Amino acid sequence: MKHKVKLGILLATAAAVLVGCKDDISVILPSISTNKDSTSIDVKPSGKWTYDNKDNYYNYDDLNKSDGKELKTKLFKTIGTHTEIGYKSLVTVYRDSDARSDGTVWDIYGDFSYSFSDVGNYKNEGDTWNKEHSMPKSWFKDATPMYSDAFHIYPSDGKINGYRGNHPYGEVGSATYTYITKNQAKTGITLTNKLGKSSISGYSGTVFEPGDIYKGDFARSYFYMVTAYEDKVASWQTGNTNLGGTSYPGLNVWSLEMMLRWSLEDPVSQKEIDRNNAIYGHQHNRNPYIDNDSLACSVFGNYNSNTKQLCSSKSK
């Protein structure tokens with residue numbers, strides 16, 4: 001019986017390799033499973049990569065052998081070097097990465113229908129859009145290349161961006177500011193942005209909570225930032241932020257658990273895939289957490305009992 005089981009595993013592995021060898025088929029890697037000793041979960045990269053990898057940007061075979069801190073460092077070595085496009089050039093990038101089908105700006109906070117020329121002063125929601133450092137630039141002291149990295153900088157309504165300020169992302173208990181979109185861009189989307197006291201255990205300060213349908217987007221942007229800048233993130237500001245002062249995991253505990261949950265509750269969308277591809281054309285690096293949404297669990301799933309539980313639930 002043991003020989004039959006081993007043969008079955010070998011055949012299954014061979015089949016997976018054969019599937020991944022064809023250029024027109026995305027690589028499919030093993031699924032998450034629970035280890036026998038139940039002290040940790042097997043979170044090596046799994047699921048379907050959405051990037052065809054015809055340019056061999058990723059070494060799938062090597063990535064498939066690792067998880068946790070080691071995998072994060074391998075990803076850092078892949079994505080950490082990119083072309084710095086400059087802050088003023090972000091608008092050029094946005095015309096490829098953040099334009100709706102009708103050519104208007106994809107406002108990730110207010111869902112307003114802005115033209116790319118609608119940049120200026122604001123007094124109310126809906127007046128203008130500007131560039132939102134989803135990871136506030138003050139956290140890394142306005143340093144480059146983070147200052148102009150398009151993967152974490154989004155077009156957003158100026159007024160709502162102003163309310164967000166430098167507050168960390170979180171979940172609000174008692175709100176001091178709430179803005180609910182009114183389908184301005186005729187997308188059928190309802191976004192509720194809130195500012196107020198954190199309801200998450202581990203942080204009692206003021207947080208900004210974005211709309212539910214973009215929480216996964218922001219989580220994957222943060223996973224990208226702490227990975228692409230693994231050699232720098234430990235020195236960034238930790239007080240009243242989502243950061244933890246370490247290269248791994250990079251985020252503080254309450255933020256890691258929350259953002260891992262956000263990434264699972266709001267899976268990768270076509271918007272993110274298109275944006276990832278467009279930014280790659282300008283910066284020449286990618287967000288791997290979009291290319292394979294199982295990587296969040298692969299990198300962070302074994303960090304503590306709560307992350308293990310979240311990622312184990314995903315595999316069921």
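Guide: Start with a charge and a ring: the charged end of Arg-275 sits over the ring of Tyr-154, 4.0 Å from its centre.

Visitor: What makes a charge sit over a ring?

Guide: The rule asks for NZ of Lys or CZ of Arg within 6 Å of the ring centre and within 35 degrees of the ring normal. Arg-164 is described in these terms too, with its charged end over the ring of Tyr-169 at 4.0 Å from the centre.

Visitor: What kind of model is this, and which values count?

Guide: The model is predicted, so local features need pLDDT of at least 70 and side-chain atom pairs count only at pLDDT 80 or more, while totals for chains, interfaces and linings use all residues. Residues are numbered from 1 along each chain as its sequence is written, and side-chain values use heavy atoms, with hydrogens and water left out.

Visitor: How many helices and strands are in the protein?

Guide: There are 11 helices and 11 strands. Both are DSSP runs numbered from the N terminus, helices being H or I with at least four residues and strands being E with at least two.

Visitor: Why is Tyr-222 called buried?

Guide: Buried means under 20% relative accessible area, exposed means over 50%, and partly exposed lies in between (1.4 Å probe, protein chains only). Tyr-222 has a relative accessible area of 0%, so Tyr-222 is buried. Trp-139, with a relative accessible area of 1%, is buried as well. Across the 316 residues of the protein, 49% are buried.

Visitor: Why is the pair of Phe-112 and Tyr-114 called tilted?

Guide: Rings of Phe, Tyr and Trp (its six-membered ring) pair if their centres lie within 6.5 Å; planes under 30 degrees apart count as stacked, over 60 as edge-to-face and the rest as tilted. That rule gives 29 aromatic pairs. The centres of Phe-112 and Tyr-114 are 5.8 Å apart and the planes stand at 40°, so the pair is tilted. Phe-112 and Tyr-114 are both buried.

Visitor: Which label goes to the pair of Trp-139 and Tyr-222?

Guide: The pair is edge-to-face, with 6.4 Å from centre to centre and 90° between the planes. Trp-139 lies in the loop between strand E7 (129-133) and strand E8 (153-157), whereas Tyr-222 is in helix H6 (residues 215-228), 83 residues apart, and the pair thus links distant parts of the chain. Trp-139 and Tyr-222 belong to one aromatic cluster, together with Tyr-109, Tyr-154, Tyr-169, Phe-208 and Phe-218.

Visitor: What makes a set of residues a nonpolar core?

Guide: A nonpolar core is a set of buried Ala, Val, Leu, Ile, Met, Phe, Trp, Tyr and Cys residues joined through side-chain atoms within 4.5 Å. The largest such core has 70 residues, of which Phe-223, Trp-236 and Met-259 touch the most other members. H6 gives the most to this core, with 8 residues.

Visitor: Which residues does Met-259 touch?

Guide: Contact means heavy atoms within 4.5 Å. Leaving out residues up to four places away in sequence, Met-259 touches Tyr-169, Ala-219, Tyr-222, Phe-223, Asn-242 and Leu-251.

Visitor: Why does Ile-85 count as buried?

Guide: Its relative accessibility is 16%, so Ile-85 counts as buried. Ile-85 is in the loop between helix H3 (68-79) and helix H4 (90-97). Ile-85 and Asp-149 are 64 residues apart in sequence, yet their C-alpha atoms are 7.6 Å apart in space. Beyond neighbours within four places in sequence, the contacts of Ile-85 include Leu-90, Ser-148 and His-282.

Visitor: How do you know that strands E7 and E8 pair?

Guide: Two strands pair if DSSP finds at least two bridges between them. E7 and E8 are joined by 5 bridges and run antiparallel. Glu-132 stands opposite Tyr-154 in E8, and 5 of the 5 residues of E8 are buried.

Visitor: How many bridges join strands E9 and E10?

Guide: Strand E9 (residues 172-180) and strand E10 (residues 192-198) pair in the antiparallel sense over 6 bridges, and Val-172 has Ser-198 in E10 as its bridge partner. E10 is also joined to strand E11 (residues 206-209), by 4 bridges and again antiparallel. There, Gly-196 stands opposite Val-207 in E11.
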